[in-house]
Amino acid sequence: MESFHNFLNSLDGMLGGAFWFPYVLLGTGLFFTIYLKFPQVRYFKHAWKVVTGKYDKADAPGDTSHFRALTTALSGTVGTGNIGGVAFAIFLGGPAALFWMWATAFFGMTTKFVEVTLSHKYRDKTPDGTMAGGPMYYMDKRLNMKWLAVAFAIATVISSFGTGNLPQSNGIATSIEATFGFDPLIVGSVLGILLALVILGGITRIAAVTAKIVPLMALIYLVGAFSVIFANMENVGPAFVSVLSDVFTGSAATGGFLGATIAYAFNRGVNRGLFSNEAGQGSAPIAHAAAKTDEPVSEGMVSILEPFIDTIIICTLTGLVILSSGVWQEKHLNTFDRADMDIVAGAYVESSATDKQQLYTYLNGLDGSSVEEFTGEIQVVNGKAVSSGFTIINARSLAEDVTFTVGDPEDKFSGTLKVAEGKLLKDNIKVTGYSLIHSASLTAVAFTRGFFGESGKYIVSIGLLLFAFSTAIAWSYYGDRAMTYLLGPRSVMPYRVVYVAGFVWAAVSDTTLVWALSAVAIVVMTLPNLFGIFLLRKEMKDSVKEYWEHFNKEHKS
């Protein structure tokens with residue numbers, strides 16, 4: 001199993017983690033932005049009019065309204081990435097990562113416009129009377145690439161578990177247990193029942209629920225975010241300056257943060273932008289295909305609003321909360337995750353510019369670093385290391401006041417710890433201390449620096465619950481439409497049963513392997529979709545032209 005996990009990580013590194021993937025993603029959006037003459041700007045106002053129902057037709061074919069299709073798609077994109085993902089991107093890439101998320105969102109608005117329009121245009125009405133659409137339908141019906149459509153649909157089913165289900169359940173259970181002390185199994189079981197009640201009702205019930213959840217969770221999160229931003233208003237301007245300046249200089253190796261290269265900030269920002277707003281991935285078009293309209297381009301315009309709301313508004317607020325509060329450069333007491341911890345040979349201190357530059361080079365994988373991984377023994381007495389010749393790095397920072405314990409925090413370890421190639425060999429040793437933190441933990445701390453004080457962390461926990469649960473709802477629909485394409489409507493109910501069971505199971509299980517599998521599946525969805533919409537670029541331009549001709553004739557006559 002471990003070798004399969006390593007294989008998936010290597011495959012993801014060659015695909016989604018490859019240097020060229022962000023360029024393909026941004027390049028496609030840039031191309032269509034120029035090719036269609038900046039539709040995300042020119043049609044932005046019109047998109048709001050469409051989504052509010054101004055041009056709705058009562059007899060238009062479809063399953064749900066423009067607004068509910070949008071909220072269903074948003075419930076799939078506005079998830080844990082908006083809370084923990086932004087924090088992780090800033091942690092790895094510095095403030096500049098936020099800029100590249102903006103760029104991904106801006107050009108992603110056009111990519112979304114194109115993929116949704118084409119997917120809606122070639123949607124099917126299934127034998128049970130519901131609509132089914134998505135990239136697999138235009139790949140099959142228009143491009144005559146059945147094999148590519150099948151690959152995309154299979155990847156969508158895998159991603160529905162790996163992106164929308166298992167990690168969301170695990171994240172909710174972990175967060176609720178840490179904040180409120182509830183047993184993960186109970187949390188997973190209760191939410192599993194609620195999930196079943198929603199998704200068993202199909203798109204009608206899913207759309208109705210998400211239409212209520214999305215505005216509510218956005219409101220709660222906005223209130224909490226602005227409480228921090230207003231409390232740290234004097235830092236908001238410098239935060240924006242740091243975002244823009246670091247685009248050209250990279251994060252300097254100053255403070256507790258040991259820096260990130262410009263290329264790393266670009267890579268993390270663009271990849272995190274994709275995982276946040278899913279532009280180009282081909283998932284949201286599945287939800288939009290259910291919209292009631294006989295004008296595919298109008299639904300494509302509605303989708304322009306998704307990356308704007310998801311990334312340019314919500315992710316920006318998360319980024320400003322983290323940057324203006326300053327917590328991203330502070331060390332906090334935490335339990336070290338083994339994946340974040342490295343033990344290097346020699347003694348390094350933050351007061352030495354030379355030491356910090358060496359560590360910066362080492363952590364960013366650059367040539368010229370003399371830092372070596374530590375192999376040897378550490379002598380520990382009453383929880384504290386008494387031997388020397390090594391330095392502990394956790395979360396890209398020099399760890400301080402490190403304590404080694406076994407089991408209960410009060411059971412301080414005494415004895416010898418063996419280390420090989422920078423990693424502790426004893427699995428039952430818990431390591432705590434002060435270091436930088438990242439992901440949802442960083443966002444939670446940032447939310448305590450506002451008007452709500454320590455209570456701010458509850459907003460993050462509630463936000464994670466609502467964001468993650470709504471993501472699970474939306475992705476269940478994406479998966480069942482993919483199953484409909486692959487095996488027909490009769491396969492949907494068994495899929496939903498397995499989906500709910502998986503949600504409960506993941507609350508108490510390790511989902512690392514599923515994350516790795518999903519990371520590969522996301523690329524298998526994204527690359528064929530980008531290839532497909534590029535092949536249909538002329539048809540897209542003609543469709544937009546025909547839409548405006550028809551619209552002007554109908555509404556100005």
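Which helix gives the most to the lining of the largest cavity? I find helix H23 (residues 537–555), with five residues; helices here are DSSP runs of H or I with at least four residues, numbered from the N terminus.

Ground rules for myself: this is a predicted model, where local features need pLDDT of at least 70, side-chain atom pairs count only at pLDDT 80 or more, and totals for chains, interfaces and linings use all residues. Residues are numbered from 1 along each chain as its sequence is written, and side-chain values use heavy atoms, with hydrogens and water left out.

Largest cavity. I get a volume of about 190 Å³ (the space filled by probe spheres set on grid points joined across faces, edges and corners). A cavity is a set of points on a 1 Å grid over the protein atoms alone where a 1.4 Å probe fits but cannot get out, and lining residues have an atom within 4 Å of a point. There are 15 lining residues, with Tyr55, Lys57, Thr293, Glu295 and Ser298 nearest the centre. I sort the lining into four nonpolar, five polar and six charged (Asp, Glu, Lys and Arg are charged; Ala, Val, Leu, Ile, Met, Phe, Trp, Tyr, Cys and Pro nonpolar; the others, Gly among them, polar).

Second largest cavity. This one holds about 60 Å³. Its lining includes Leu25, Phe107 and Leu530. Helices H2 (20–35) and H7 (96–121) each give two or more residues, and H7 gives the most, with four.

Technical notes
1 Å grid on protein atoms, 1.4 Å probe; cavity = no way out; pocket = protein on both sides within 12 Å on 5 of 7 lines; lining within 4 Å.
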